[in-house]
Amino acid sequence: MLSLRRLLQQADLELTLLVPGDGEGADRELLWLHNTELADPGPYVRPGELVLTNGVWLDEADPTSFVDAVHRADAAGIVFGLRKETPATPPELIEACRRAGMPLAEISVEVPFTAVTRAAATLLAESRLSDLSGTVRRTGALASAISRGAGAAGILQVVRREHDLPLVVVDRTGRQLASVNASLSPAQLRDATRALTRHPPPLEADLDGTTASIFLVTAVADVEAGLFCLRRYKELLPDEVTALEQAGTYLSLEAAKQQAVHAIEQRFAAEVLDMVQAGSTRDTDAAERLRAFGVDPTSPVAVLAIAGPSTGTGQISHDAEAVTDLLLDQGLASLVTGGSRETIAFVSWPRAERRSLRTVGEELQRRLSRARDSGRALVAIGGVSPTSVGLGVILMQARETYRAMQAQPDGPVVQEFGDVDSHRLLLAMLERETLARFARGVLGELRAQDRNRDLESTLRAFLELDGHYGATADRLHIHVNTLRNRLAKLTELTHRDVRTTAGRVDLFLALQADALT
């Protein structure tokens with residue numbers, strides 16, 4: 001980088017710094033040099049230029065107006081060339097530069113401005129050659145890291161060799177993939193995720209009080225992750241920005257590679273799901289696939305059905321890779337595949353495992369919930385099969401438990417198959433259209449006639465209070481005779497006698513089926 005400081009370091013130029021200036025001062029990057037003897041050079045000086053002058057203009061302008069014109073043009077400084085007529089820099093010029101915060105240097109009588117120009121050209125060429133050499137060298141190191149399979153961590157280590165910066169790579173699901181000199185808290189990870197999902201993503205983001213610059217990591221035109229430098233963008237030096245942009249490009253290559261590998265793994269995982277659902281005819285094939293993913297088919301295998309928190313778009317987040325990593329963090333190998341409604345995990349469950357499956361599910365649920373701010377993470381536990389043979393039954397149990405949990409917006413977030421009410425499991429096993437037809441058949445005429453919903457609210461209260469007339473009347477603030485009249489009308493409209501067990505069962509199931517649909 002070319003600067004007045006670099007020129008001052010060239011002994012043969014015989015430059016002396018008289019005023020250091022404000023801000024970056026003599027360290028400010030120079031656009032180029034501008035030689036002038038105009039009394040008002042402002043219209044011709046570009047921002048960042050170093051003004052060279054012998055002071056010929058002193059006969060027609062005062063130093064203050066000259067310095068003010070140079071300062072308004074946002075010049076980087078002034079070099080005053082001494083001559084026989086002015087063997088010393090005028091004190092008025094020195095004072096004017098001091099007031100304006102403008103760097104000022106003087107050059108001896110023996111050194112012409114052309115020497116300064118030649119030195120600047122040499123320094124600029126050397127700087128550009130150094131930058132190019134650094135880029136080429138960094139390219140080789142980054143390519144080597146990719147080819148060795150060092151991943152995101154290896155790419156950050158390449159940058160660390162040249163620049164001591166706090167860096168973190170975060171994907172759009174809120175996972176910290178790699179870091180050097182920094183680590184993000186859960187709150188900061190959530191802020192990073194929000195920044196990456198904005199359109200367009202910002203240049204900087206506030207991570208729970210810390211401002212970070214963002215360098216995007218894309219794969220197939222989508223933002224997959226971000227390289228976060230915990231520094232403001234304007235605080236980064238040009239060569240640091242170049243290195244981080246280059247690292248972002250190679251991180252994109254790594255993301256594209258991982259995306260391709262993940263797609264292949266998911267295709268094989270989805271096939272395992274189909275094999276398990278096919279039953280005994282594909283048990284052998286399923287066992288081979290499970291073994292390829294590190295799940296021992298001859299040992300116990302657990303099945304979980306998982307839904308991550310809402311993404312904020314009304315969709316449920318299913319990140320099979322994230323679930324796989326979270327289970328690995330708990331020391332459990334798994335085969336995880338994303339479905340249209342839930343993510344299914346086949347988990348290797350060691351016979352010597354002392355933890356309960358519920359404990360594992362609760363930890364998984366907590367960590368999934370921390371990944372995003374909105375929605376609920378649900379973990380349904382189907383159970384454990386002694387081997388991979390017979391996994392179809394455990395898979396069905398996990399799915400039915402999950403469906404029953406979905407029907408309870410305020411229900412538990414971790415549940416085992418044995419904990420679910422039997423009527424919920426029975427309803428969850430039916431198609432939604434079948435449930436809707438049943439609910440309409442029982443409740444249709446009631447709702448058509450019950451415009452104020454008095455009868456339906458009476459029915460719900462009566463069922464919740466287990467058919468107690470007095471308690472129901474008290475809750476509804478009506479007389480018992482009024483309650484009896486409403487129940488009689490309910491019987492007439494639904495053709496189910498709420499006073500009998502059979503009638504209550506039908507009405508109760510109709511309300512539950514209606515809630516499911």
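Glu 85 is exposed, with 60% relative accessible area. Its salt-bridge partner is Arg 83, and the closest N and O atoms of the two are 3.4 Å apart. Arg 83 is partly exposed, at 24%. The model is predicted, and the pair is part of a count of 25 salt bridges.

**Salt bridges**

- Side chains of opposite charge can pair when their charged atoms come close.
- Glu 353 and Arg 355 form a salt bridge, with 2.8 Å between the closest N and O atoms.
- Glu 353 is partly exposed at 23% relative accessibility, and Arg 355 is also partly exposed, with a relative accessible area of 29%.
- Another salt bridge joins the side chains of Arg 447 and Asp 514, at 3.0 Å from N to O.
- Arg 447 belongs to helix H13 (residues 432-449) and Asp 514 to helix H17 (residues 501-516), so this pair ties together parts that are 67 residues apart in sequence.
- Arg 447 has a relative accessible area of 26% and is partly exposed; Asp 514, at 26% relative accessibility, is partly exposed too.
- Arg 447 and Asp 514 are also members of a network of salt bridges, in which they are linked with Arg 453, Glu 456 and Arg 460.

**Aromatic rings**

- The structure has 3 aromatic pairs.
- One of them is the pair of Trp 57 and Phe 66, which is stacked, with the ring centres 3.9 Å apart and 5° between the planes.
- Trp 57 is buried, at 0% relative accessibility, and Phe 66 is buried as well, at 0%.
- Phe 462 and Tyr 469 make an edge-to-face pair, because their planes stand at 75° and their ring centres are 5.3 Å apart; planes over 60 degrees apart count as edge-to-face.
- Phe 462 is buried at 0% relative accessibility, whereas Tyr 469 is partly exposed, with a relative accessible area of 22%.

**A helix crossing**

- Helix H14 (residues 454-464) and helix H16 (residues 480-494) have axes that come within 10 Å and cross at roughly 105°.
- H14 is therefore roughly perpendicular to H16, since angles of 65 to 115 degrees are given that label.
- On the H14 side, the residues that meet H16 are Asp 454, Leu 455, Thr 458, Leu 459 and Phe 462.
- On the H16 side, the residues that meet H14 are Leu 483, Arg 486, Leu 487, Lys 489, Leu 490 and Leu 493.

**Backbone features**

- Most residues other than glycine have a negative phi, and most peptide bonds are trans.
- The peptide bond from His 199 to Pro 200 is cis, with omega near -10°.
- Pro 200 is placed in the loop between helix H6 (186-196) and strand S8 (204-207).
- Asp 466 is not a glycine, yet its phi is positive, near 55°.
- Asp 466 lies in the loop between H14 and helix H15 (469-476), and it is exposed at 61% relative accessibility.
- His 495, which is not a glycine either, has a positive phi of about 65°.
- The loop between H16 and H17 holds His 495, which is exposed at 60% relative accessibility.

Technical notes
Residues numbered from 1 in each chain as written. Predicted model: local features only at pLDDT ≥ 70, side-chain atom pairs only at ≥ 80, totals over all residues. Heavy atoms only, no water. Salt bridge = Lys/Arg side-chain N within 4 Å of Asp/Glu carboxyl O. Buried < 20%, exposed > 50% of the residue type's maximum accessible area, 1.4 Å probe, protein only. Helix = DSSP H or I, 4+ residues; strand = E, 2+ residues; numbered from the N terminus. Phe/Tyr/Trp six-rings, centres within 6.5 Å; stacked < 30°, edge-to-face > 60°. Axes fitted to C-alpha atoms, helices over the stretch in contact; angles between N-to-C directions. Parallel < 35°, antiparallel > 145°, perpendicular 65-115°, else oblique. Contact = heavy atoms within 4.5 Å.
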